[in-house]
Protein chains: 4
Amino acid sequence: MIIVFKPGIPRKKESAVLKEIRKLGYTPHVMRGVARTVVGAIGDELTHANLETLTAQFPDAVESVMPIQKRFKLVSREAHPANSTVRVREHVLGGKRFHVMAGPCSVESEKQLLTTAKAVKAAGATILRGGAFKPRTSPYEFQGLGEKGLKLLDKARRETGLAVITELLSENHAGMVAEYTDIIQIGARNSQNFQLLIAAAKTGKPILLKRGLSMKIEEWLLAGEYVLANENPNLLFCERGIRTFETYTRNTLDLAAIPIVKHESHCPVVIDPSQGAGRADLVATMCKGAVAMGADALLVEVHPNPVEAWSDGAQQLSLEAFAKLMKDLKPFIAAVGRE
Amino acid sequence: MIIVFKPGIPRKKESAVLKEIRKLGYTPHVMRGVARTVVGAIGDELTHANLETLTAQFPDAVESVMPIQKRFKLVSREAHPANSTVRVREHVLGGKRFHVMAGPCSVESEKQLLTTAKAVKAAGATILRGGAFKPRTSPYEFQGLGEKGLKLLDKARRETGLAVITELLSENHAGMVAEYTDIIQIGARNSQNFQLLIAAAKTGKPILLKRGLSMKIEEWLLAGEYVLANENPNLLFCERGIRTFETYTRNTLDLAAIPIVKHESHCPVVIDPSQGAGRADLVATMCKGAVAMGADALLVEVHPNPVEAWSDGAQQLSLEAFAKLMKDLKPFIAAVGRE
Amino acid sequence: MIIVFKPGIPRKKESAVLKEIRKLGYTPHVMRGVARTVVGAIGDELTHANLETLTAQFPDAVESVMPIQKRFKLVSREAHPANSTVRVREHVLGGKRFHVMAGPCSVESEKQLLTTAKAVKAAGATILRGGAFKPRTSPYEFQGLGEKGLKLLDKARRETGLAVITELLSENHAGMVAEYTDIIQIGARNSQNFQLLIAAAKTGKPILLKRGLSMKIEEWLLAGEYVLANENPNLLFCERGIRTFETYTRNTLDLAAIPIVKHESHCPVVIDPSQGAGRADLVATMCKGAVAMGADALLVEVHPNPVEAWSDGAQQLSLEAFAKLMKDLKPFIAAVGRE
Amino acid sequence: MIIVFKPGIPRKKESAVLKEIRKLGYTPHVMRGVARTVVGAIGDELTHANLETLTAQFPDAVESVMPIQKRFKLVSREAHPANSTVRVREHVLGGKRFHVMAGPCSVESEKQLLTTAKAVKAAGATILRGGAFKPRTSPYEFQGLGEKGLKLLDKARRETGLAVITELLSENHAGMVAEYTDIIQIGARNSQNFQLLIAAAKTGKPILLKRGLSMKIEEWLLAGEYVLANENPNLLFCERGIRTFETYTRNTLDLAAIPIVKHESHCPVVIDPSQGAGRADLVATMCKGAVAMGADALLVEVHPNPVEAWSDGAQQLSLEAFAKLMKDLKPFIAAVGRE
C-alpha cells in the first residue's frame with residue numbers, strides 16, 4: 001500500500017501513523033518528495049488489513065491510501081499465463097474454434113424449443129441456450145417453466161446433439177439444473193450473489209458468469225475468483241452490456257472488455273449482444289464487432305416468432321435472421337484466424 | 001401502449017400492424033398527426049403482451065412503442081394513498097418519530113458489539129445494525145461470523161432493549177436469520193435476487209430493501225413489489241448510493257430518491273450514508289441532508305475502533321462521532337416537524 | 001405529444017388541461033384506456049410549445065407527457081435516405097473506401113510532425129491529424145503551439161500530400177484554422193458549445209464533431225443539426241468514448257453508436273479509439289471492432305516517441321505499431337466489403 | 001509519482017525504466033515489496049512530464065503509474081485554509097448570510113422579468129437570475145433575447161436593487177455581458193470551454209462555474225483553477241446535477257459535492273436544484289437538503305406563469321411556490337447557524 005501524507009504534518013503525527021502501519025503488519029518505507037511525503041507499506045495486501053482506514057483514523061495527517069496489489073489471483077494471467085480452455089461435451093471453448101450459443105430467451109414449449117434447436121444447429125451453432133428459470137424485474141411477468149423447461153432442454157439436447165446452457169437462479173436448484181445442463185449461466189442480476197456462485201461452482205459444471213450492470217471489470221474478475229476458489233476451473237466471462245446514461249439501447253455493450261479481460265485473465269470471453277442491444281436490428285452488427293475484437297463465443301437470442309415471445313421479444317432474432325448472421329460472420333471469423 | 005409509426009407508411013402495412021395489435025388483445029385507436037401517425041392501444045398492459053416487439057416484427061413501419069401504465073401496483077401511492085408505517089417491536093417507522101439504526105458493519109466479537117450497542121442506545125438510536133453474513137467482493141475477505149454473529153446480536157438486543165437489523169444472504173438462512181432479527185436487510189448486490197426477496201418476505205419480518213448500485217427507481221419499486229406480492233406489507237426502501245463516474249466518493253448518494261419514492265410509494269424511506277460516502281468525514285453532513293429531505297430513518301455504521309474494523313473501516317463512525325452526530329441532528333429533525 | 005392523465009381525475013380538471021392544450025396550439029384527441037386516460041395532442045412539436053410544462057401546471061391531473069417527434073431534421077435519414085459523403089481534397093469519406101486519419105495528439109515540432117506524417121502516409125493513412133490548440137483539463141498543462149502548429153500542419157500537408165484535420169477551440173480562430181486545415185475538429189468538451197459549432201460551420205469546411213463525454217446520441221445528432229442548419233452539409237460524427245463508472249479504461253468506447261447513428265442519420269461515422277481507450281495496447285483491437293461494425297474512418301494518435309509526447313503519451317501508437325495496425329486491419333476492411 | 005512493476009521483471013529491464021524516470025527529471029526510489037516492486041519517483045509532478053507514458057513504453061515491465069500530487073493549486077484549501085468570500089455589490093457570498101438567487105430561466109419580456117424580480121425580492125432573494133443568451137440542445141429552440149435581455153436585467157436591477165446573474169455563452173460577448181451583470185454564469189455545457197472561462201475571468205466579475213454533466217469533482221476544481229490562474233479570485237462553484245442512468249429526474253443532484261468541495265477548496269458553493277430535478281415539485285425538497293448540507297446559496301428558477309415559459313417550464317417555480325419555499329427554508333437556515 002502507498003500512504004500519502006498531507007503537507008506540513010508534524011513529525012510526531014507521522015510517527016503515530018507509522019506506528020499504526022507497523023501494528024497492522026506492514027513495514028513502512030518513507031519517501032520525502034517535493035510536495036508530499038509518501039510511505040510505502042511493505043507486506044502482502046491480501047493477507048493483511050486494508051490500510052484505507054488510516055484516512056479515517058488520521059484525517060488530519062493522511063490524505064489518501066492506494067493499494068498496489070491486484071486482489072484477484074486464480075483468474076489472473078499471472079497465475080496461468082496461457083489461455084485456459086473450457087471443455088463442454090465434445091467442444092472446446094477458448095480454443096481455435098469460434099462457438100455460437102443460440103436459442104430462445106425463455107423455453108416456452110416443446111415445439112418452440114425443438115424448432116429453434118434444429119434451426120440454430122443447421123445454421124452452425126453448437127450450444128443451445130434457453131431460460132427455464134427467468135429473473136424478471138416485475139413479479140407479474142412470466143417466470144419460466146422451471147423443471148419442465150429443463151426437461152425440454154434435455155430433450156432438445158438428445159434430439160439435436162447440441163450442448164445446453166441455462167440460467168441458475170436459486171442455490172436450491174443447483175443440483176437439479178446441473179443434471180440437465182452442460183453450462184450453468186449466472187445472470188447479471190446475480191453476478192455478486194456469492195452464495196449462488198459458490199453453489200454453482202460446486203456442481204463442477206462449467207460456469208458462464210455474466211457481468212453485472214454496474215460491475216467494474218475488477219469486481220467481475222473477483223466474482224469469477226469465487227468460482228475458481230471453489231475448485232471449479234471451468235469459467236467463462238460473458239459481457240452483456242453495462243448501464244450508462246444512454247437510452248437508445250437498453251445497455252451499453254462494453255466490447256473493450258474483451259481485450260481487457262484477455263489481458264488480465266486466462267479465461268475465455270463470451271459476448272451476449274442481445275441483452276446489450278435490446279434491439280434485434282443491432283445484434284448482427286455487434287456480433288461482427290465481438291468476433292473482430294477477439295471474443296471466443298457468442299450468446300445470441302433466437303426465437304421462431306419473436307413477436308409472440310413470452311419475454312424480451314424485441315431483442316430476439318428470427319430463425320432466418322440468425323441463419324443469415326451465421327453466414328455473414330464467416331469472413332470476420334476467418335479474419336481473426338479462427339474456424 | 002402508444003405505437004408511433006414511421007412517416008410515409010402505406011396503409012396496407014398499417015393494417016397489418018393494427019391486426020397484430022388486436023391479436024395481442026388491445027383495441028387500437030389511430031391518431032393522424034402532423035408529422036407522425038400514432039396508435040393508442042387500449043387494454044390493460046399488466047395482463048397483456050408487451051407490444052414493444054412490434055418494433056422488431058415491423059422494423060420498416062413501427063418507430064417506437066411507449067408503455068403508459070406504471071408496472072408496480074401494491075407499493076404505489078395509488079394503491080395506498082396514506083403513508084404506510086412499519087412496526088418494529090415497540091417502534092413505528094414511517095410515523096412522526098424519526099429513527100436511527102446504528103452499529104458496526106460486521107459483528108466481530110461480543111465486546112465490540114455490546115460496547116457499540118450500549119453507546120448507540122445512549123446516544124438515541126433505537127435499532128442496532130450489525131452484519132453476521134457479509135457479502136464481500138473478494139472471496140479472500142472476512143465473510144462474517146454467521147450464526148454466531150446472529151446470537152451476539154440477539155444477546156445485545158436482550159441486554160439493551162434495542163431492536164435488531166441484519167442482512168440475509170442466502171434463501172437457506174431465511175428461517176434462521178428471522179429467528180434472531182427484527183428487520184431483515186436485503187443488500188444492494190441482492191436487490192434483484194428475487195428468490196431471496198421472496199424467501200425473506202415469507203418470514204413475515206419487516207424487510208429493508210437497499211437500492212442496487214445501478215437500479216432505476218422504477219426497478220427498485222418493482223423489487224419491493226416482490227415483497228408485498230408475497231403478502232408481507234412491512235417494507236422499507238433504503239437508498240445507499242448509486243454507481244456513477246465520480247470517484248471521490250465510493251458511490252453517489254441519490255438523496256432525491258427520498259421525495260421521489262415518497263411521491264410514488266407509501267412505504268417509509270431510510271438513508272444509509274455510510275455506504276454512500278465510503279468516508280466517515282462525509283457521513284454527518286449527509287445525515288443532515290437526509291433528515292431535511294424527509295427520510296424516515298437513518299442507517300449508520302458505528303464502530304468502537306474504526307481503524308481496526310474487519311470490514312469497511314474507512315466509513316464507520318467512532319462512538320464519539322456518532323454521539324455528536326445525534327446531537328447535531330436535533331435541530332434538523334425539529335425543522336421537519338418530527339421527534 | 002402524448003399526455004397521460006392520473007387515474008380518477010374529475011372531468012372538470014380534464015377540461016382545464018384540454019383547454020390549455022388547445023391554447024398552446026395543439027388539437028387534443030382523448031383516448032379512455034383501461035387504467036389511464038391518454039390524450040394525443042396533434043400539432044407540429046417543432047413549431048409549438050413543449051407540453052411538458054403541463055406536469056408542472058397540473059400536478060394533480062397530469063402524470064406524464066411524452067414527445068412523439070424526433071427533434072433533429074436535417075441530419076436524419078428521413079431527410080436524406082442515402083448515405084451522404086464528405087469530400088476532403090481528393091478523398092471521399094463515407095463512400096466505398098475506408099479512411100484512416102493519423103498523427104500526433106499535439107503538434108510539437110517540425111521534425112516530430114514530418115516524421116510522423118511520412119510514416120503514416122507510407123502505412124496507408126490519407127489524413128494527418130495533429131493538435132495546434134489543445135484543450136487541457138489543467139491550466140498548467142501544455143496548451144499547444146497555436147498558429148505555429150497550424151503552419152507546421154500546412155507544411156506537412158504540402159510535403160506529403162496528406163489532407164489535414166485539427167481542432168478548433170475558439171470562435172475567434174475559426175477563420176485562421178480554416179485557412180490551414182481540410183477538416184475542422186470540434187472536441188468532446190466543446191460538443192455543445194453551440195457558438196463554436198456555428199462559427200466552424202460557417203467556414204464551409206467539413207466538420208468532425210466528437211461526441212461529448214455524457215452526450216446522449218439524440219443530443220449529439222442535435223448538435224450536428226447546428227452544423228447543417230448553418231448551411232454546411234459536410235458533417236462527420238466521431239465517437240471517442242463516453243464516461244461510465246468503469247475505470248480500467250479512461251472512457252467506454254460505445255461502438256454501438258456506429259450502427260445507431262447510421263440508422264438515424266445519413267452522415268459518415270468516424271471512430272477515435274485512442275481517446276476511448278487511453279491505452280495504446282487496446283487501440284489496435286478497438287480499431288478492428290470499429291471496422292467490423294461499419295465505421296467509415298478511424299482517427300488514431302501516432303507519435304514517433306510516445307513516452308516523450310507532450311500530451312496523452314499513454315495512448316499514442318509508435319510508428320511501428322501503427323504500420324502493423326494498418327496491415328492487420330486489411331482482412332477486416334475486406335470483410336465489410338470496403339477498400 | 002508511484003510506478004508499480006509487474007512481477008518477475010529482470011533487473012536489466014528495471015534499470016531501463018529507472019533510467020527513463022531519471023531522464024524525465026525525477027529521482028527514483030525503489031521499494032521491494034512482497035508481491036510487487038514499487039518505485040517512488042520524487043519530483044514536482046506539476047512541472048515535470050507525466051510518467052503515465054511509461055506503461056506504453058515498457059508494457060512488459062510497468063503495470064501502473066499513480067500520481068500523488070493534486071493537480072489544482074489556487075482553488076485548494078492548502079492555498080487558502082480559510083473560506084473565501086465573494087463580494088457582489090453590497091452582498092457577501094460564502095459568509096454567515098445565506099443567499100438565494102432567483103428568477104426566470106429565460107428573460108422573455110419586461111413585464112415577465114419585472115414581475116418576477118419584484119416578487120422574488122419581496123420573498124427574500126438578493127440576486128436576480130435570468131438568461132439572455134440561452135444554450136439550447138436544438139437549433140430550433142428559443143435562443144434568448146441577447147443584448148435586449150441584458151438591458152432588461154439591468155433595468156430590473158435598477159428598479160429593485162437586486163444584484164444580477166446571467167450566463168455568458170461566447171468569448172466575444174464577455175465585455176458586453178460584464179457591463180450589465182454582477183455575476184457571470186458559466187453553464188454546464190461550457191464548463192470545460194477554457195477559452196470562455198479565461199475570457200470571463202478577465203472581466204474581473206465574479207464567476208459562477210456550473211459543474212459539467214459528466215465532470216469529476218477534480219476536473220471541476222481544475223476548471224475553476226483557470227479562473228483563479230487568470231487573476232480573478234471571485235469564484236463560486238455551482239452543482240446542478242450530474243448525468244447518471246436514472247431517468248426519473250433529468251439529472252442526479254450530487255449534494256455530496258457540497259462537503260467535498262468545501263473540504264478540498266475554499267470557494268463558496270451554490271446549489272441549483274431546478275436543473276438538477278427538472279421538476280418543480282422536487283425543487284423545494286432539494287433546497288432544504290442543500291441548506292442542511294452547508295451550501296452558501298441557492299439558484300432557483302422562478303416564473304410568473306411556468307406553463308407559458310419559453311424554456312424549461314417544467315422546472316420553474318411559480319411566484320407563490322417560491323414565496324412559500326423561502327418561508328419553509330427558514331428553520332433549516334437557522335439549523336445550520338446562518339441568517
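Domain bounds here come from an automatic or database domain assignment. For chain A of this predicted model, that assignment gives domain 1 (2-66) and domain 2 (86-335). The C-alpha centres of domain 1 of chain A and domain 2 of chain A are 45 Å apart.

**Chain A**

Chain A contains eleven helices and 14 strands. Its C-alpha trace spans about 80 × 45 × 40 Å along the principal axes. Chain A has 339 residues, of which 60% count as buried. Among the contacts in chain A with a separation of 6 or more, 66% are made by residues 24 or more positions apart.

**Helix H3 of chain A**

Helix H3 of chain A covers residues 110-123. At 1.5 Å a residue, its 14 residues should span 20 Å, and the end C-alpha atoms are 20 Å apart, so expectation and model agree. The buried residues in H3(A) are Gln112(A), Leu113(A), Thr116(A), Ala117(A), Ala119(A) and Val120(A). A residue counts as buried here if 20 or more other C-beta atoms lie within 10 Å of its own. After H3(A) comes Gly124(A), with a positive phi near 120°.

**Relation of chains B and C to chain A**

Two copies of a chain are related by a rotation about an axis and a shift along it. Chain C can be laid on chain A by a turn of 180° and a shift of 0.0 Å along the axis, with an RMSD of 0.0 Å. That is the relation of a two-fold axis. In chain C, the residue that comes closest to the rotation axis is Gly289(C), at 2.2 Å (C-alpha). The same surface serves both copies, as 100% of the contact residues of chain C recur in chain A.

Chain B can likewise be laid on chain A, with a turn of 180°, a shift of 0.0 Å along the axis and an RMSD of 0.0 Å. Of the residues of chain B, Ser214(B) comes closest to the rotation axis, at 2.8 Å (C-alpha). Because 100% of the interface residues of chain B are also interface residues in chain A, these copies meet through the same surface.

**The two interfaces**

The contact between chains B and A involves 40 residues of chain B and 40 residues of chain A. On the side of chain B that touches chain A, at least two residues each come from helix H2 (54-57), helix H6 (194-202), helix H7 (217-229) and helix H10 (280-292) of chain B. H7(B) gives the largest share of that side, five residues.

The contact between chains C and A takes 30 residues from chain C and 30 residues from chain A. Here the elements of chain C that give two or more residues to the side touching chain A are helix H8 (257-264), helix H10 (280-292) and helix H11 (319-335). The largest share of that side, seven residues, comes from H10(C).

The table lists the residue classes on each side.

| Side | Nonpolar | Polar | Charged |
|---|---|---|---|
| Chain B, touching chain A | 18 nonpolar residues | 13 polar residues | nine charged residues |
| Chain C, touching chain A | 18 nonpolar residues | eight polar residues | four charged residues |

Terms used:
Residues numbered from 1 in each chain as written. Chains lettered and ligands numbered in written order. Predicted model: local features only at pLDDT ≥ 70, side-chain atom pairs only at ≥ 80, totals over all residues. Least-squares fit on C-alpha atoms with pLDDT ≥ 70 in both. Contact = placed C-beta atoms within 7 Å. Helix = DSSP H or I, 4+ residues; strand = E, 2+ residues; numbered from the N terminus. Expected span 1.5 Å × (residues − 1). Buried ≥ 20, exposed ≤ 12 C-beta atoms within 10 Å, placed from the backbone. Nonpolar A, V, L, I, M, F, W, Y, C, P; charged D, E, K, R; others polar.
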